[in-house]
Amino acid sequence: MAIEMLGLILAGGQGTRLGKLTKDVAKPAVPFGGRYRIIDFALSNCANSNVKNVGVITQYQPLTLNAHIGNGAPWGLNGINSGVTILQPYSSQEGSKWFEGTSHAVYQNISYIDQQNPEYVLILSGDHIYKMDYEAMLESHKEREASLTVSVMEVPLEEASRFGIMNTDDNDRIIEFEEKPKEPKSNLASMGIYIFNWKRLREVLVNGYSKGNPMEDFGGDVIPAYIEAGENVFAYRFKGYWKDVGTIDSLHQSSMEFLDLNNELNITDKSWRIYSHNDISAPQFITEKSNVKNALVGDGCYVDGTVVHSILSQNVHVQEGTVIEDSFIMSGTFIGENVTIKNAIIGENAKIGDNVEIIGENEVAVIGHGEIKGENKNEQ
């Protein structure tokens, strides 16, 4: 049965700029906000936008990500006319099928997309924090009779050289694409969110590879090809909170912004919920000796120390005398007595011994997933 729009989430990135935090997990599977993983935002946006069929393209360290997504039930993507499919590299008679770029990953999954038979394909990145109504973007795509619509947002001109920049005419038709230009002509940055007419995209990808002109990336290959061919390519202007959390600094900054009740992301908005797959844990326990201020504390946490302006994810254990400030502690972490943690990110299931100091002075301090620092005499 044909569907109107198929969502494809590109979730195979290694995320090397996150260092220790992506040693064993893909970047979209990195925890965020105390009870989420980064990919939850793209999946929830799909669910809230009535994009009920989603393919998640994975490659690097997919086990945690695959287990998290499961059958898509937390996002309502497990119904009769809905579903989520994990799409991984595979081997065939033609050889290996490793993904070599964003559009190459889509090209390698043409068979899956053809089975879904969509009129449009929505291409998303799995490693951004934001809320967005993809239905509104699709309506704009239809009204303009576009072949491709690129979601963009305005950034400070002095930062524009960090992004792929779309130069447009007065009607927001994209006339030029520049990848991280030294002297940007505009401040409209691509968000890595695209809506394509599937028949046309399929034709462009197949013709490119059959003629020895590989279309490996949307930014470097496909979008310039569309513009050069005179296709109707338009910008869709997004206004709202959007954060690429691909670096330690940006992940920490976004985590600290998450603690602000007036944060533009507005995670408590019941009309646009962010869903996730969480373990069932006991209620949190805050002892009478603890001091907790301006903090998010997840289920299963035990806190016997001081926590200020920080996020404690599920099942974090904080012993007596410990002080945690301006930090993001991921789930399952055990922190001993008289520990000082400031301006830091602590990975899942880390173990921090007694009397340890983890202080980010000139940069955010990081402890990796499962990393052990120091010794603890009372670990439970």
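**Burial, contacts and domain layout in a predicted model**

Asparagine 117 is partly exposed, because its relative accessible area is 43%; on this scale buried means under 20% relative accessible area, exposed means over 50%, and partly exposed lies in between (1.4 Å probe, protein chains only). The structure is a predicted model, in which local features need pLDDT of at least 70 and side-chain atom pairs count only at pLDDT 80 or more, whereas totals for chains, interfaces and linings use all residues. Residues are numbered from 1 along each chain as its sequence is written, and side-chain values use heavy atoms, with hydrogens and water left out.

Asparagine 117 sits in the loop between helix 4 (110-116) and strand 8 (118-125). Helices (H or I, at least four residues) and strands (E, at least two) are DSSP runs numbered from the N terminus. Although asparagine 117 is not a glycine, its phi is positive, at about 55°. Asparagine 50, also not a glycine, has a positive phi of about 60°, and its place is in the loop between helix 1 (39-48) and strand 4 (53-57).

Stepping back to the whole chain, the protein has eight helices and 31 strands. The C-alpha trace spans about 65 × 45 × 40 Å along its principal axes. The radius of gyration is 22 Å, which agrees with the value near 21 Å that a compact globule of 380 residues would have; the radius is taken over C-alpha atoms, and the globule rule is 2.2 Å times the number of residues to the power 0.38. Buried residues make up 54% of the 380 residues. Of the contacts (heavy atoms within 4.5 Å) with a separation of 6 or more, 57% are between residues 24 or more positions apart.

The protein is divided into domain 1 (1-257) and domain 2 (283-371), with bounds that come from an automatic or database domain assignment. The C-alpha centres of domain 1 and domain 2 lie 34 Å apart. The contact between them takes 15 residues from domain 1 and 20 residues from domain 2.

Helix 8 (residues 248-258) is largely enclosed by the rest of the structure, because eight of its eleven residues are buried. The buried residues of helix 8 are Ile248, Ser250, Leu251, His252, Ser254, Ser255, Met256 and Phe258. Valine 245 lies in the loop between strand 15 (242-244) and helix 8, and counts as buried because its relative accessibility is 0%. Neighbours within four places in sequence aside, valine 245 is in contact with Ser250, Leu251 and Ser254, and also with Leu18, Ile38, Asp127 and Ile129.

Aspartate 40, in helix 1, is likewise buried, at 0% relative accessibility. Not counting residues up to four places away in sequence, aspartate 40 touches His68, Trp75, Ile274, Tyr275 and Ser276. Lysine 131 is found in the loop between strand 9 (128-130) and helix 5 (134-143) and counts as buried, at 16% relative accessibility. Between lysine 131 and aspartate 354, 223 residues apart in sequence, the C-alpha to C-alpha distance is 40 Å.

Tyrosine 236 belongs to strand 14 (residues 233-237) and, at 18% relative accessibility, is counted as buried. Leaving out residues up to four places away in sequence, tyrosine 236 touches Met132, Ala136, Met137 and Ser140, together with Thr149, Val150, Ser151 and Val152.
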